[in-house]
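This briefing covers the fold, the nonpolar cores and a surface patch of one protein. Please consult the sequence and the structure shown below.

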Amino acid sequence: MITEAFEQLERMLNIKSACDLTGISRATLYRRRTPKPRHAGPPAPRPAPPNALSRAERHEVLETLNSYRFIDKAPPQVWATLLDEGLYLCSISTMYRLLRAEDGVRERRAQAWLGRLQLDPFVDH
């Protein structure tokens with residue numbers, strides 16, 4: 001009903017006045033008149049950035065992180081040690097990303113595991 005009134009007012013007045021009188025936002029009006037085309041199917045795969053590590057570079061970073069020297073160190077410690085020696089392989093976040101892809105990041109603290117301890121509800125504990 002409002003759209004019919006708007007169309008009649010638009011013929012007699014300009015768009016701004018018709019929008020003001022009917023309470024329709026001009027942005028909404030223009031958005032409805034020219035809708036964005038819908039893309040069919042899944043989005044296109046994201047291209048690899050030009051500065052992405054090559055397969056050999058990723059392998060070198062993982063070998064360094066898993067080496068005997070750094071096996072018990074966190075990526076920030078490895079990064080700082082290598083940087084002190086004048087060697088920059090990649091950023092700390094890239095080290096974490098590579099380790100996460102290889103299931104190399106996990107909780108290292110000792111966790112108490114109680115298993116499926118069932119207490120008897122009828123016994124006073």
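Where does Leu13 lie? Leu13 sits in the loop that links helix H1 (2-12) to helix H2 (15-22). The model is a predicted one.

**Overall fold**
- The protein has six helices and zero strands, and its pattern along the sequence reads α-α-α-α-α-α.
- Of its 125 residues, 17% are classed as buried.
- Contacts joining residues at least 24 apart make up 31% of those between residues at least 6 apart in sequence.

**Nonpolar cores**
- The largest nonpolar core has eleven residues: Val61, Leu62, Leu65, Phe70, Val78, Leu82, Leu89, Cys90, Met95, Leu98 and Leu99.
- At least two residues of this core come from each of helix H4 (55-65), helix H5 (75-84) and helix H6 (92-101).
- Another core, of six residues, lies apart from the largest one and includes Leu9, Ala18, Cys19 and Leu29.
- Leu62, a member of the largest core, is in contact with Leu98, Leu99 and Glu102 when residues up to four places away in sequence are left out.

**Surface**
- Met12, Leu13 and Leu21 form a nonpolar surface patch of about 340 Å².
- In soluble globular proteins, nonpolar side chains tend to be buried together.

Notes. Residues are numbered from 1 along each chain as its sequence is written. This is a predicted model: local features need pLDDT of at least 70, side-chain atom pairs count only at pLDDT 80 or more; totals for chains, interfaces and linings use all residues. Side-chain values use heavy atoms; hydrogens and water are left out. Patches are made of residues with over 30% relative accessible area and no salt bridge: like charges are joined within 9 Å, nonpolar side chains (Val, Leu, Ile, Met, Phe, Trp, Tyr) within 5 Å. Accessible areas come from the Shrake-Rupley method with a 1.4 Å probe; for residues, only the protein chains shown count as cover. A salt bridge is a side-chain nitrogen of Lys or Arg within 4 Å of a carboxyl oxygen of Asp or Glu. Helices (H or I, at least four residues) and strands (E, at least two) are DSSP runs, numbered from the N terminus. A nonpolar core is a set of buried Ala, Val, Leu, Ile, Met, Phe, Trp, Tyr and Cys residues joined through side-chain atoms within 4.5 Å. Buried means under 20% relative accessible area, exposed over 50%, partly exposed in between (1.4 Å probe, protein chains only). Contact means heavy atoms within 4.5 Å.
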